[in-house]
Amino acid sequence: MAPEAASWGDRLGRLAERRLPALTRHRQAEPLPIHLHARRIYILPTRFGMVFGVIVLAMLMGALNFNNNPALLLAFLVSGLAIVSFHHTVGQLRGISLVSVSAARPHAGSRAHAVFSLKEGSGRVRPALMLEQSGQEIPFTLAADETAMVAVEFLPVRRGWQSIGRWRLWSEYPFGIVWAWSYLHPQEPILIYPKPEAAAPDLPQDDRDRPGAQQRSPGDDWAGLRDHRAGDPPRHVAWKASARSDRLLVKEFADPISEAMVFDYHQLARLHHEQRISRLTAWVLKAERAQASFRLVLPTQQLGPAAGSDFVSRCLRELALLP
Amino acid sequence: MSTATVSKPQAAAAPVAVGSLQLRALAVVLFAAITAHAGWLPWTLLGYLIAIIALRLAWQRYSARVPAQWIRLPLFVLTLALVYSNVGSPVSRDGGVALLIALATLKLVETDSVRDGRMLIAALFFLSMTAFLFSQSALLTLWVAAVAVAAFACLTLLRKYPDARLLAGAARSEVLAAARSTARTAAAALPLVVVAFVFFPRLGQPLWGAPWDPSQGRTGIGDEMRPGMLSKLWQDDTPVFRVSFDGETPAARDLYWRGPVLDRFDGQAWTRGDAFDRFDRIDFRYEPSSVVSYEVLLEATERVWYFPLDLPLRAAAKSRLLMDGQMVTFRPIIAPRNVRMQSATRFSFDANARPAEMAFALRLPAASNPRARALAGGWREQGMNDAQIIDAALTLFNQSFSYTLEPPPLAPDRSVDEFLFDTRIGYCEHFSSAFTFLMRAAGVPARVVTGYLGGYRNASGNYLVVRNSDAHAWSEVWIAGRGWIRVDPTSAVAPERIDRGSIYDALPEAALWYQNSWLTPFMDRFDVVSRWWRQRVVDFDAQRQRNLLGSFGVEDTELKDLVLLLIISGSAALAFGIWWSLRGLGGHSRDPLLVAWRHFGRQLERRGIARGHHEGPIDYSRRAARQLPSAAGEILQLGRDFAQLRYNPEHAADEEAQRALIRRLRRFRASPRPAARRR
């Protein structure tokens, strides 16, 4: 019964979205931040809620019929508590905003985590929220006036700009009698990096002038200080210099061009387009792990030579966006 | 959409298992719901059900799975058998409710999923309500309301998708939080409840009849009296009715509340005869100066008698007055009633009847109690007239009999003989039974009247409470030309019982431990509350609802006005409740990790690094680390760890790590005074 009903419901939903854009606008992609206001929060009884409703109705009828006033008081207390709680269930979602969705280097073909930044701005705790998409359900609690980072798992299939899709934020807190939901469908796409080749060959060694030099030790060719950036290894932090200024500083090292490896798209002629991208991606990641500097040669442009996570990210981005 | 489906987690497909915390909460709520029935449920059954609940909890410690079918099935059969043998057929009220309770308890035994737990709670709401079929007291209502709120709190715990903290078993704080928020929601719903109670239109007539057969009844005065029946009642201090007099309260010795009149004796018990003629055909004259008007607030006795003051002038509402002066209702009194009555305390009753009409009041079974029969026959043979015979019997009682609350048992078929010649000690029923027997044996028409005597004057409320313990039996004899005359043989033995009113005042040894003690004033006040509850809440009906706006000059509130009032004031009450409770949900969380994190934030604030609303923990700690390089490592580490524990579901359940981080956050000091200097 369930699959039949689901497919009918889905079909109806899709039809409605095509035909009734005004009604279904809150299901469609929209720019961030998405602010959940009362008009875009939907509410329906749960299955338990229907049983509960039948029982409360029976209580009311029985108490009224026998004019049993304490019983009537109880029936009113139970239904009154439920009615107030409906507003709490809607209030669970109202006032939450989706500030951003980000993903840390999602590669096509492997599980990645996207992080939803959900902000609570009305000073209320929101327990037992659920972020859900096609069977994946992440329960979380949003503390008052905090921004929660909710990590969801997804499996990107292609490289390039991609939407995270439509997610449903719902809750049946506190009593499970009704559930309220709203859709989060951010327009902003996420950049999916290419899939790295699984068993990529070693980094190309032949282009290097001085084999073994990629293991650079701190202190060599010291070039200057710059501000700390995310991903800088802690041993590069210039503690003494930082202590003198009020910023965190890191030491920067000069990198002679001659030392860099070259990852060249054109040299991989035996492979076809996507395979080359895949291999180059694998090399870039390997080079990053080895903290080596490299040059990336693509059909459209040349990058580097350089090293560090910023540079790697830029390379991956260009690889992802290759036609 | 490009993101592919991740395999469905089990939670969505299989029923969500119930944790031990939730099961314990369910057990507590079930237990509380059953205690609402403790007043009437037989002790064996009550004990058995509580034992089952305890065993279910013990089982949970042993195994997370529910007991196997081969345990549950015999348990089911055993429970049903116990219900049937202890309470009776499930078609009756008692049997039906007991069956519901038993089934709910068995449901707990097989509860292993959140869905089961929720169904159990839904059933508990109904089950708690059935307690009001047995009692409608203010205390019970309070208790059941508390049970309902606890049931809702339990629903809060029965989340289908609990967050990490609930799964990790942060039991105490979760239960407290659920209780606190549910209590708040209940308080928010209260105005709505009151408005709905007052304005929700009541039915003038029930749509269908009473769902039970009240013949089983509860303890109290009935249509039969045999030795030992009334004396069982003296420990029962349940109020039967409360009376407020319009004027002066009559003297205690006039406070005879007339109940069933018993004029048949079968050798063992006195029962009602068939004197079903109407009272107004009887010759009845009274002294107008002795007429008293009063209002009786009668509890649900489940029987058919009103207890008017001896003797009523006319039938009160919903009743008829029989020729022997009993006031009988048309249907058993299953809900408390408020009745106005008028009685005269000085009267002549059936004075012009012919002696032949009194033959029914002389009948005795042929062979019963020969010694008593001989004694009374002797009086008549000595040539005594009716009045002298009455005197002789009373003198006999006065000289050699005594009154006791715990009479020795008597042989049922020769109870009068045994009482008169052997034990000579008894309760009012023994005296009236023996006296009436002697009178009949001597040829004086006589009958037994049962009812209540006196009552307890509630000093705080200026009304009289008559309890089951005030049950009394006396006699009436008929003398040609004078009619029926009340003779209370107990007065010959224990006059203080008649003069003092309440049995507890007359016989201090009859008082239960809490009576006549320093508690009395509190008990009095509590009874005032109970009476208010009876009058204002329990008795509120369609009639009173129509008169609701009487003080505003509206004589008759119509249905459409009621609905309008309900909608307007209900919306206002609901709006207020929602506003108030949502406001209350705010404030700071009591999660210790968050509290510690705020402490950390305050420390940094002292150095002028306040957290912006847009900033997550990582960004904030980076900025702080840049501005406070001396503590940069520690700050960065704390920010990373907090984000990890707070937002990564895999780590959120790690309580050990949480505690460690809380300690580190609390120890953090941003002031320039480093820990090293103190060493």
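I'll start with the largest nonpolar core, which has 134 residues; the members that touch the most others are A75(A), V29(B), L124(B), A148(B), A151(B) and C154(B). Helix α3 of chain A, residues 69-93, contributes the largest share of this core, 13 residues.

Now the contact between the chains. It takes 70 residues from chain A and 74 residues from chain B. On the chain A side, the elements that each supply at least two residues are α2 (47-65), α3, β5 (126-133), β6 (136-142), β7 (147-154) and α4 (239-244). Which of them gives the most? That is α3(A), with 18 residues. By type, the chain A side divides into 41 nonpolar, 21 polar and eight charged residues.

Next, one helix in chain B, α10, residues 370-381. Which of its residues are buried? They are A372(B), R373(B), A376(B) and W379(B). These four cover an arc of only 120° around the axis, and therefore sit on the same side of α10(B). The exposed residues P370(B), A374(B) and E381(B) are on the other side. The cover over the buried residues includes three helices of chain B: α11 (386-400), α12 (415-423) and α13 (428-441). After α10(B) comes G383(B), with a positive phi near 90°.

Last, confidence in chain B. Its mean pLDDT is 82, and 86% of its residues reach 70 or more. Two stretches deserve a mention. Residues 211-217 of chain B have pLDDT below 50, although the model gives this stretch 12 contacts beyond near neighbours in sequence. Residues 673-679 of chain B also stay under 50, and here the model has zero contacts beyond four places in sequence. Where pLDDT is low, the predicted coordinates should not be read in detail.

Notes
Residues numbered from 1 in each chain as written. Chains lettered and ligands numbered in written order. Predicted model: local features only at pLDDT ≥ 70, side-chain atom pairs only at ≥ 80, totals over all residues. Core = buried A, V, L, I, M, F, W, Y, C linked by C-beta atoms within 7 Å. Buried ≥ 20, exposed ≤ 12 C-beta atoms within 10 Å, placed from the backbone. Contact = placed C-beta atoms within 7 Å. Nonpolar A, V, L, I, M, F, W, Y, C, P; charged D, E, K, R; others polar. pLDDT = per-residue confidence, 0-100. Arc of directions from axis to C-beta.
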